[in-house]
Amino acid sequence: MTDDLRETDRGDLPVVAAEGAIALLAGIAAVAGSYAAVGFTPSFVAAPVSTFVVATTPSAVITWSIQTLGDLGDQLGFLLALVLTVLLFAVTAAIGTRAADAIPAPAPVPASLAVGLLCVVPALALTDALISALGAGIGAGLVVAVASFGSTAATGSADSTGSGTDSISAARRSLLQAIAGTIAIGGIGGVLGSGRGSGGDTQKPSGPVAADVGSLLAEAEDKSLAVGGLEGLVSEDFYQVDINSVDPVVSASDWNLRVTGAVEEESSFSLSDLKSMDKEHRFITLRCVGESLNGKKMDNALWTGVPISALLDETTVSDECCVMFRAADNYYEEFPLAALKDGFLAYEMNGRPLPRSHGYPVRALIPGHWGEINVKWITEIQVLEQEAEGYWEKNGWHGTGPVNTVAKLHAVNHLDGGEVQVGGHAYAGTRGIERVEVSTDGGSSWTDATLSEPLPGTDVWRQWEHTYEPNGPHEVVVRATDGEGNRQPREQENAYPNGASGWVSKRIEP
């Protein structure tokens, strides 16, 4: 693998093992070098491999992963992509070393140079990004160079004596040097790459937000119930679900939104065009169709942007059946055209530019519908003449309809004096929440919970709270009634394919 191993006995098992280990370390360094150059962006060498893993995973496996593993499934999927990427560059490094060995004197090529140059090839093929490819090549080449450092004298000694012990010692030394080099490159790569490709995240909060935004956020804080362990009415840590592990990086100056399909005249809008229109601030709650019944993929924020109708007024949309949203990450989702009536295009979140992870520079928000059709990094609104399947519908889900009513139970506090306080959030999309009932005896009797005052808007959750005197171990059950008088159904249904539903319960020990 390294220059000091070229003349050793390749049939010696410890030497061969060291050679393979150094190739693997070079693969790790190649991935770290790419990350150092471009960060966690689509140009990172593991990103296209991750996309391939997702694309080739059977729908049944994806559905099982969503319901059983949740976020862990995404993490394991990306870990698999990382492993495959490392193995690809490890094989490339091994080939590069053998190729260097095959070049005879008087013009030998250092193995480090051969490995570095050769690793650029698959990296460039994967990402089409020269900087990322050079980072991968430099990372792999440096590890091989470090492994070879100071080996000339030892190699000559081993050659003159023919000692297998000397060969093994040289191999061990090279491996230890390669490990040290990989650790160093990995550390440097982590530091350099963490700040790259942040997109909208580079615009960190600084100074106060606009006065009208600040007033609305203050209203949400004032209306939030004081329940320990329960998030306020504006989420601090908004959930994130995407089809790819690596979010796209979209330049605000290059972004544009096209309106296409069954329209009188196709049109296109830049971010500047949107910001020149009269802006609105809307509290809008999103809930993931794939979350568990009492899961935590339901959050609320204050969004700033413009109604989609402001764009469609520029053209004539016939009374067609449906719309397809398309995004920069190749995601697409279809839903009824009528849902566009209250649709929204947001470019700010809680008074700041959208974070990259939430669709910078612009995302769509369709009130009352499951989170999946609130497309991030939106690039196209296509009006369709007939129905078509969106991304998740092709995978067996049917989550483009209105969200299910739910009251979640997330906070349980044992107060001084022996009382128990329970609380959570309730949500029913544009139908609103009229009441939340709590049972402390497993559903035999019910009491109205205290609800937070409604925030302005038509698609906003509410908090609920109930404090009571417990009587030994018991089961707390909660259910909500929406603004149309419909009670949350008791029967529990899994998330697949229409979203989780049912009453939420929890066993409480005094």
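1. A word on terms before the tour: two strands pair if DSSP finds at least two bridges between them, and strands (E, at least two residues) and helices (H or I, at least four) are DSSP runs, numbered from the N terminus. Please keep in mind that this is a predicted model, in which local features need pLDDT of at least 70, side-chain atom pairs count only at pLDDT 80 or more, and totals for chains, interfaces and linings use all residues. Residues are numbered from 1 along each chain as its sequence is written, and side-chain values use heavy atoms, with hydrogens and water left out.

2. Let me start with strand β10, which spans residues 378–384. Strand β1 (residues 256–261) runs parallel to β10 and is joined to it by 4 bridges; here V259 stands opposite I381 of β10. With strand β5 (residues 322–327), β10 pairs in the antiparallel sense over 6 bridges, and R326 faces E380 of β10.

3. Is β10 enclosed or open? It is largely enclosed by the rest of the structure, because 6 of its 7 residues are buried. Buried means under 20% relative accessible area, exposed means over 50%, and partly exposed is in between (1.4 Å probe, protein chains only).

4. Strand β14 (residues 433–439) meets β15 in the antiparallel sense through 2 bridges, and T447 in β15 is the bridge partner of V438.

5. Which residues does N300 contact, leaving aside its neighbours within four places in sequence? With contact meaning heavy atoms within 4.5 Å, the partners are L233, V234, S235, F238, F283, I284, T285, L455, V460 and W461. As for F238, its C-alpha atom is separated from that of N300 by 7.4 Å, although the two residues are 62 apart along the chain.

6. The side chain of N300 also has polar partners. It reaches the backbone oxygen of L233 at 2.7 Å, and a polar contact of 2.8 Å links it to the side chain of T285. A polar contact is a pair of N or O atoms within 3.5 Å; within protein, one must be able to donate a hydrogen and the other to accept it, and residues adjacent in sequence count only if both atoms are side-chain atoms.

7. The elements giving two or more residues to it are α1 (13–38) and α4 (71–102), and α4 gives the most, with 7 residues.

8. I28 sits in helix α1 and counts as partly exposed because its relative accessibility is 37%.

9. Finally, the whole chain: there are 12 helices and 19 strands, and buried residues make up 50% of the 510 residues.
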